[in-house]
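Hi everyone, thanks for coming. Please bring up the model on your screens, and we'll walk through a few of its parts together.

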Amino acid sequence: MRVLGVDPGLTRCGVGVVEGVAGRPLRMLGVGVVRTGADAATADRLVLIERGIEEWLDAHRPELVAVERVFSQHNVRTVMGTAQASAVAMLCAARRGLPVALHTPSEVKAAVTGSGRADKAQVGSMVTRLLRLDAPPKPADAADALALAICHIWRAPATNRLQRAVAAHRTTSPARTPSPARTPSNPARTPSSARSTKGRTS
């Protein structure tokens, strides 16, 4: 499996490509950062990110794109930019028909280091060991992108088994049949013959 990991951000959007399967040594195919200037308009920065991700997709032809799931932060302005960059990454993948997987920072940290509270230095150190690199990728956004790709490759088998189990359960579960309509317990009685007051004689 070849996965492009994307650590979204407006100023620095980390990208990294990892190839391999769970349980076997992984191989890094590329790592880098798509940068945009803070003084540029947001729309122009998003265009630059889109072009950068497209170049990585063209160069490495991944089978899937793993993107960090955006969560609420205290700095609303920062999370908005991260969400916008994340949407661009998902758009680029969807336009090519590539599946997109979202992983939270805690999931990535736990998968790579064993602790969901690991700091960036610990993540970078483990990425270096797992991919047998000479030094941790710089900046940290690049290492985080590789960690996202590693996380998905390792979690994919369990996720796939769960999805197959859910699909099998849906196909084998008997369809529910609608219950029969209830009849009133005291149906209104209809007179056996209508009485007529016409033609009565005193």
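Helices (H or I, at least four residues) and strands (E, at least two) are DSSP runs, numbered from the N terminus.

A quick word on the source: this is a predicted model, where local features need pLDDT of at least 70, side-chain atom pairs count only at pLDDT 80 or more, and totals for chains, interfaces and linings use all residues. Residues are numbered from 1 along each chain as its sequence is written, and side-chain values use heavy atoms, leaving out hydrogens and water.

Just after α1, Arg61 takes a positive phi of about 50°.

Now find Glu68 in strand β4, residues 64-68. Its relative accessible area is 17%, so Glu68 is buried. Beyond four places in sequence, its contacts (heavy atoms within 4.5 Å) include Val6, Asp7 and Leu148. An unreviewed UniProt entry annotates Glu68 as "binding site"; such annotations may be inferred rather than shown by experiment, with positions given in the numbering used here and feature names shortened.

Finally, Asp144 sits in helix α5, residues 140-172. Asp144 has 11% relative accessibility and therefore counts as buried. Leaving out residues up to four places away in sequence, Asp144 touches Asp7, Lys120 and Val123.

Technical notes: Buried < 20%, exposed > 50% of the residue type's maximum accessible area, 1.4 Å probe, protein only.
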